[in-house]
Amino acid sequence: MPIDLGFVARIAPTLAQGLATTLALAIPAIVLAALWGVPVVIGLMARARPVSVLTATYVEVVRNTPVLVQMFFIFFGSGVVGYPLSGFTAALLALVLQNGAYIAEIYRGGIRSVTHRQAEAGLALGLTPRRAFRIIVLPQAFRKVIPSLSNQGVLMIKDTSLAATISVAELTFQARLLADRTAAVFEIFFTLALFYLALTAVFAGAMRLLELRARIA
Amino acid sequence: MNGSLLGGLRITAIVLLATFGLTTLGGGTALAQTATSRLDEIVKRDKLIVATFSTAPPFCYTDETGKLVGFDIDIAHLIAKSLLGDENKVEFVTVTSEGRWPAVNSGRADIGLATTTVYPDRALRVAFTRPYIDSGISILVRQDTKVNSLAELNDAKFTLANLSNPQMADRAKRFLPKVKVLTFDTPSAEFAAVKSGQAQAMQMDTPVLNWYAANNKELKVLPENLGVIQGNAIFMKPGDFTLWLWADTMVQEMTAGSRYAEYSDIYRKWFGHNPPPERFYGQPGK
């Protein structure tokens, strides 16, 4: 099936509107999920048993249910209990809750990958455990988690498309409207794929730069 | 050099003329023989493949037991019976709202029967038969809104649930400009929004809303419709005249011809009254 380029040019402005909403959802979602991962990983690695068990339960629950189901649950559920959240808020919340859990696991993996002997060496040199963690473990863990974080961010950008099902007018939503009106499904979803590809390429490129900068020369 | 070039040209000319002459001579028959219709394929396969929805009651949806049921599903069975002599010689491919077009255009399904309204811009990409059912657009509201008319509903404090097609957005702007709008990709998600209180009203085909209201006492359909005449039709990949003509004839036979009795039975089963338009010869006896 040939692609009609004139048609693609005509639909591009509508998709660009959707792109603005996708960015407005994806950027805060990625930043907030990366931040939310910090208290979660602290909870996971806490010595107090109830805290770590509780956090691990949370991680397992949100990790093992589809983010689409979580979006539906938050969106329709908030309506049922009488405090209807907007589709945008519900989608943001679901993305942060789920990806925060994933990212916490990434952080944990990064921290664990730094051998405990290094921290012990720090303690032997007279550092407090807290300082040993901050000066020795954390910078190395940070470098190691960047590629995984980049990957998670790309997944999140793609997952924002699920918000279309709860009335958030992002890229996929606009594409579906266009497809329903014109029945030109191939042209529209082809263009849509290009938009996502551009978005994830820019994000992954930026993360790659960060990775290079964080590398020890 | 020159001679061979001329010779080459002459040969090309002869070949071109010969080809042209043959095609012109063979014309009609050659075309009719090579362009096989999908209709022959259906008959040879002995099974009709229909693209439909699974979330749009009462036209095409899955019941509690997971079975596809609805008005469109019964119509598909009637078509299979008329075409292949057995109402069970039909296979359904369930699709999403925008997925119905590639389902027929890619050849995955022979025809589409998915509560689909004819619009001119859609007709650019798929071929429609004449409508097999008239439809309209109405508004379903929650009883607790105490709203009895479009005018009362047109208030910024209310939210309307739409289906993700642009016609819905256009009508909302025209008839309910003050109302906030939410848009969903399936009628059942729209309905969930009204049930959960995310929206107080939803816009949908009149027969669908009548069905929802009949099954949910806390909901009702506003008496006014949104001023549009709509026809739902069978759609297929454009360019296959034989298949299109057969399907269009089938629709004609169902709505006002030899299959009218069966069509009326199906209509009454799902909508509780006789199909319009009423005709001088009345309704067939049961």
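The secondary structure of chain A comprises eight helices and zero strands, where helices (H or I, at least four residues) and strands (E, at least two) are DSSP runs numbered from the N terminus. The model is a predicted one, in which local features need pLDDT of at least 70 and side-chain atom pairs count only at pLDDT 80 or more, whereas totals for chains, interfaces and linings use all residues. Residues are numbered from 1 along each chain as its sequence is written, and chains are lettered from A and ligands numbered from 1 in the order in which they are written.

Along the sequence, chain A accordingly reads α-α-α-α-α-α-α-α, and its C-alpha trace spans about 70 × 50 × 25 Å along the principal axes. Of the 217 residues of chain A, 36% are classed as buried; a residue is buried if 20 or more other C-beta atoms, placed from the backbone, lie within 10 Å of its own, exposed if 12 or fewer do, and partly exposed in between. Contacts are assigned when the C-beta atoms of two residues, placed from the backbone, lie within 7 Å. Among the contacts in chain A between residues at least 6 apart in sequence, 74% join residues at least 24 apart.

Helix H3 (67-80) of chain A contributes to the side of that chain that touches chain B. Val67(A), Gln70(A), Met71(A), Ile74(A), Phe75(A), Phe76(A) and Gly79(A) are buried in H3(A). The buried residues of this helix pack against helix H2 (49-63), H4 and helix H6 (129-159) of chain A, together with helix H8 (187-196) of chain B. Just after H3(A), Gly82(A) adopts a positive phi of about 95 degrees.

Phe195(A) is placed in helix H8 (residues 185-214) of chain A and, having 19 C-beta neighbours inside 10 Å, counts as partly exposed. When residues up to four places away in sequence are not counted, Phe195(A) touches Leu15(A), Leu19(A) and Leu171(A). Phe195(A) and Ser167(A), which are 28 residues apart in sequence, have C-alpha atoms 20 Å apart in space.

Between the chains, 19 residues of chain A are in contact with 20 residues of chain B. On the chain A side, the elements that give two or more residues are H3(A) and helix H7 (171-182), and H7(A) gives the most, with six residues. By class, this side divides into 10 nonpolar, six polar and three charged residues, with Ala, Val, Leu, Ile, Met, Phe, Trp, Tyr, Cys and Pro taken as nonpolar, Asp, Glu, Lys and Arg as charged, and the others, Gly among them, as polar.

Chain B is divided into domain 1 (38-134 + 231-271) and domain 2 (137-228), the bounds coming from an automatic or database domain assignment. The centres of the two domains, taken over C-alpha atoms, are separated by 27 Å, and 10 residues of domain 1 of chain B are in contact with 11 residues of domain 2. The side of domain 1 that touches domain 2 has six nonpolar, four polar and no charged residues.

An open sheet of three strands in chain B has the order E2-E3-E4 with antiparallel pairing, strands being paired if DSSP finds at least two bridges between them. Strand E2 (55-56) and strand E4 (68-69) are the edge strands, each pairing on one side only. Strand E3 (residues 60-62) and E4(B) pair over two bridges, and Thr62(B) stands opposite Leu68(B) in E4(B).

Strand E9 (residues 137-142) of chain B has five of its six residues buried, so it is largely enclosed by the rest of the structure. E9(B) runs antiparallel to strand E12 (residues 201-205), to which five bridges join it, with Ile137(B) opposite Asp205(B). E9(B) also pairs in the antiparallel sense with strand E13 (residues 219-221) over three bridges, and Leu140(B) stands opposite Val221(B) in E13(B).

Leaving aside neighbours within four places in sequence, Ala91(A) is in contact with Leu25(A), Met71(A), Ala163(A), Ile166(A) and Val168(A).
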